[in-house]
Amino acid sequence: ADLNIASRIKFKKVDIFLKGVYEMTEAEAERSVFNALEDTAEWYENERGVGKGVRRFLTAHPDIPRSDLFIETKLKTNRGYEQAKKSFSKSLRNLGLEYVDMYLIHSPLGGPQMREESWKALLDLKESGTVRSIGVSNYGTHHMAQITTKRPQEEWPSINQVDVHPFMRHQDIVDFCGEHGILIQTWGPLARGMRFNHPRIKEIADKKGKSPAQIFLRWNIQKGHAPIPKSVRKDRIIENSSIFDWELSDEDMNYLEDLNEDLVTDWDVTMVD
Ligand code: NAD
């Protein structure tokens, strides 16, 4: 069930579920648009707004159950077991929800001991039912291994939210997660627009009659990741969601294969102790 999110893309304000709407009837497609994945965080200080939006949406669409929405939020810092549980309670209160679908540890910062304590807290929250799935974000392979080597598979993270796009591959993390059946959810999948003008991106976009943003997202999907692009503009949200009725050929994918430059668009803490 956790892997259902592989087929979902999150948009910051208006969230749309994108399970390949081709091969759906109009009514099915319309309904699927109302499924949602919302990624927020204690750190973003907008959980209240997200919760308000979700409740308003559910009130306006009484035929849509809460279970059709996928809400995830993140623990800001690793500061011990009790602190993690306290932070979660606050997030849940801010969101005004009874449960969240996914709770992530925002980063590995805090050191091995604090990470261990946070993970224990997340396991207990999952056990309590207030969190349906748990995962991590910005975890490098050694952070992931700290969890996976001494625990059974059911206690591993469901996802690792990392920045991955053609210019930032994080191949070691992608490989580790692939080998362990852990989904890569990709933040910054558009490289924040920093490489929209790259000649190879432009060439493929022109050839396919698609936008550079769509090339980034389609690449991400074909790599097996779950991108969460951000846009508050309706036209861009629609554009970013129109990536399921066409594909990049093997040749196109190969053409984009060696563009990695380890481009950091925000931060990279995957190597910290
Ligand atoms: P992104 O790669 O999604 O780029 C977003 C920017 O691209 C937007 O601000 C917008 O200006 C532009 N854009 C979007 N669609 C476009 C289009 N079709 N055409 C042209 N421009 C377009 O980068 P991001 O915002 O850093 O990442 C997305 C989400 O990932 C965030 O909203 C957040 O939820 C999450 N995130 C997580 C972490 C983390 O540490 N876990 C860090 C950064 C972001």
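1. What covers the buried residues of helix 9? The cover includes helix 8 (212-222), where helices are DSSP runs of H or I with at least four residues, strands are runs of E with at least two, and both are numbered from the N terminus. In helix 9 (residues 234-241), Ile-237, Asn-240 and Ser-241 are buried, a term that stands for under 20% relative accessible area, with exposed meaning over 50% and partly exposed lying in between (1.4 Å probe, protein chains only). Viewed down the axis of helix 9, the buried residues fall within an arc of 95°, so they line one face of the helix; the arc is taken over the directions from the helix axis to the C-beta atoms.

2. On provenance, this is a predicted model, in which local features need pLDDT of at least 70 and side-chain atom pairs count only at pLDDT 80 or more, while totals for chains, interfaces and linings use all residues. Residues are numbered from 1 along each chain as its sequence is written, and side-chain values use heavy atoms, with hydrogens and water left out.

3. As for the overall picture, the protein has 10 helices and seven strands, and buried residues make up 52% of its 273 residues. Among contacts (heavy atoms within 4.5 Å) between residues at least 6 apart in sequence, 76% join residues at least 24 apart. The protein exposes about 12,900 Å², of which carbon and sulfur atoms supply 49%, by the Shrake-Rupley method with a 1.4 Å probe, only the protein chains shown counting as cover for residues.

4. Asp-163, in strand 5 (residues 159-163), deserves a comment. Asp-163 is buried yet has no salt bridge, and the nearest side chain of opposite charge, Arg-192, is 9.2 Å away; a salt bridge requires a side-chain nitrogen of Lys or Arg within 4 Å of a carboxyl oxygen of Asp or Glu, and for charge Lys and Arg count as positive, Asp and Glu as negative, with His and the chain ends not counted. Not counting residues up to four places away in sequence, Asp-163 touches Met-168, His-170, Trp-187, Leu-263 and Trp-267.

5. The side chain of Asp-163 makes a polar contact with that of His-170 at 3.1 Å, the criterion being a pair of N or O atoms within 3.5 Å, where within protein one must be able to donate a hydrogen and the other to accept it, and residues adjacent in sequence count only if both atoms are side-chain atoms. His-170 is placed in the loop between strand 5 and helix 6 (171-180), has a positive phi of about 45° although it is not a glycine, and counts as buried at 8% relative accessibility.
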